[in-house]
Amino acid sequence: MHGRVKVKSTAQQEEEKRKEREKKLKIYVAARDACFSKRKEGIFDDEALQISQQLLSSNPDFATLWNYRREILMHLETVKEEDEVQKIYVAELSFLESCLKVNPKSYGSWHHRWWVSTRLPKPDWARELNLCDRCLSLDDRNFHCWDYRRMVVMMSGVPVDQELAFTDRLIGSNFSNYSSWHYRSTLLPLLHPESPEPTSPCHKPPQSSTPPSPQILSHRVCEEQLLKEYELVQNAFFTDPNDQSAWFYYRWLLGRAEREEMISCVYVCRDEERVAVAFSGPVNAQACGLLLVLDGLPQRVEWRSVHPRFKHSPVWICDFPPGTISDIPNEHNLTVHWTEKPTHRDCALYTGRSESWCRDSATDQELFRSELSVEKTSVLQSELQSCNQLQELEPLNKWCLLTIILLMRALDPLGYEKETLAHFQTLKEVDSMRSAYYSDLCSKFMIENTILKMEYAEVRVFSISDKNLTTLCHLDQLLLVTHINLSSNQLQRLPPQFAMLQCLEVLEADNNSIENLEGVYHLPKLEEIILKNNKISSLSDLQPLASCPKLKRLDLRGNPVTQTADVESKLAELLPSVTDLLL
């Protein structure tokens, strides 16, 4: 047996490891308690700095210790000369590098490094950039490092074109580097902004160290540079069609034209003596300076959103004092001023008319095709052709299919309707985990198309039955609709936004799976509701209907609620205005 190593049993090894862990834990807890005690007593000395360093070296995510360490360093600033403070902070940066080796994605370490760098009397930004480059070479998706690098770039004034070249290098080495693509999207509008003159050539402004801001991000990139970016990103997704990073950047390049903020519609009703105002997007009318002028005189009215849940809404309403506009023989002229912009819209209520409105007609270019951008049709057509070529090679690539759908929407939503629906069906099959998302997006596009068809026919009836709708959207565009048919779809609720249909008189929504009627709230003209074969199971689900003063006819056949005891008498109590109840 001589000369053979004695192998310890598994139980012995585990016991020794347990004792070693207990020993380390006792040392750690003693050091932690010593730090807490010193902080409680207000002691900010070198010993506390040393103890916290030992603890953070093994556990760099101890936020309380980082806070204490900053308190110590701020105290030392008050008692040390600037050269000494410089040395202390340089040593702190070296210590932080060791912490980042323990955990390269430590929130506490990166935040503390940012804090130290901003207080350093003589910062070495080149050293910090070099550190970021080394970290990103190890993990190009370390978002902590990316955030820190952007701060360093801002503080040191690195030229924008130099940063753009940096993204070129990272993307060239790895097309899947989403952070580099995203960073590139913040730099391009700074370096290659769209010229206000459409015929002006692409120009480069002076090099700038201005950090990207949310306002800058909404700016477009000049066409010459866009064409180069299209080529770059196509190289990426033709190389690896299944990588999402390049596809997201491509979506950003295609852009989204922001709609001009404006009053899109003013509706006035003589019977209810009510005014409804629709905006191009959600606003807070109580805070944005909305002024109503009637026959040249400003009116004291109280604006409210169409549903109590909305502080910001695209549609706002107000009531005149009784008798203000109820006189049929008289003509009235209204103006709604949006003083915050400023913009206004006029509306005339003519003699003998019970209602009137003034609005912009919905057009695909202004409302829906801006989903991508205002790019030239020739450019979008070229991009669609490229994506179609890729789809021939990769017929089941979800990113390619989805991009083709969006390009078709941007070019001609009605003309490509059939192809779009076919692509959605393929998407649901190849990416079944996201089929619900595709169903909602398809529903959105079908509603947009129906609105466009309705506008072209100049009718106030909105019918979209038997289309497998799973969600409702763009309801602010239906302010003037009097009759809506949503039958035979897959809707589960009428959302709060449904209350924007202030002119609605008849609602058909049978053969769905509706359980919630929250959106049928205070619709002043609603007279008839057909809800056959849905999933309304309790009387409380019908409570919103009590706020509709003109409701006369209600059809609930085929709903579970009809099995409730004494349902007819209870509904008569809940909805006294209903004279035709079908159960």
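Which residue in β6 is the bridge partner of Ala-276? I looked it up, and the partner is Ile-317.

**Ground rules**

I am working on a predicted model, where local features need pLDDT of at least 70, side-chain atom pairs count only at pLDDT 80 or more, and totals for chains, interfaces and linings use all residues. Residues are numbered from 1 along each chain as its sequence is written, and side-chain values use heavy atoms, with hydrogens and water left out. I take helices (H or I, at least four residues) and strands (E, at least two) as DSSP runs, numbered from the N terminus. I call two strands paired if DSSP finds at least two bridges between them.

**Entry: the five-stranded sheet**

I started with the sheet that holds β6. I read its order as β5-β6-β2-β1-β9, an open sheet of five strands with antiparallel pairing. Its edge strands are β5 and β9 (355–359), and each pairs on one side only.

I then went through the pairs. Strand β2 (residues 274–283) joins β6 over six bridges, in the antiparallel sense. Strand β5 (residues 304–305) is also antiparallel to β6, over two bridges. I checked Arg-304 and found Ile-317 in β6 as its bridge partner. So what are the two bridge partners I have noted for Ile-317? They are Ala-276 and Arg-304.

Next I asked how many residues of strand β6 are buried. I use buried for under 20% relative accessible area, exposed for over 50%, and partly exposed for in between (1.4 Å probe, protein chains only). Six of the seven residues of β6 (residues 313–319) are buried, so the strand is largely enclosed by the rest of the structure.

**Entry: the four-stranded sheet**

I found another open sheet, with four strands in the order β4-β3-β7-β8 and antiparallel pairing. Its edges are β4 (297–298) and β8 (343–349); each has a single partner strand, so one side of each lacks a neighbour in the sheet. Inside the order, strand β3 (residues 290–294) pairs with strand β7 (residues 332–338) over five antiparallel bridges. Val-293 faces Thr-335 of β7 there.

I also looked at the loop between β7 and β8, where Pro-342 sits. Lys-341 and Pro-342 are joined by a cis peptide bond, with omega about -10°.

**Entry: salt bridges**

I searched the whole structure for salt bridges (a side-chain nitrogen of Lys or Arg within 4 Å of a carboxyl oxygen of Asp or Glu). The search returned 35.

I followed Glu-272 through two of them. Its side chain meets Lys-525 at 3.5 Å, N to O. This pair links distant parts of the chain, 253 residues apart: Glu-272 is in the loop between β1 (263–269) and β2, and Lys-525 is in the loop between β12 (506–508) and β13 (528–530). Glu-272 also forms a salt bridge with Lys-550, with the closest N and O atoms 3.0 Å apart. Here the separation is 278 residues, and Lys-550 lies in the loop between β13 and β14 (553–555).

Are the two lysines buried or exposed? Lys-525 counts as buried at 12% relative accessibility. Lys-550 counts as partly exposed at 31%.

I checked a helix pair too. Glu-417 and Lys-453 meet in a salt bridge at 3.2 Å, N to O. Glu-417 is in helix α16 (residues 417–430) and Lys-453 in helix α17 (residues 435–457), 36 residues apart. Glu-417 is partly exposed at 22%, and Lys-453 is partly exposed at 42%.

Glu-273 has phi near 50°. Glu-273 lies in the loop between β1 and β2 and counts as buried at 9% relative accessibility. Asn-468 has phi near 60°. Asn-468 lies in the loop between β10 (461–463) and β11 (483–485) and is partly exposed at 48%.

Last, I checked Trp-247 in helix α12 (residues 244–254). Trp-247 is buried, with a relative accessible area of 2%.
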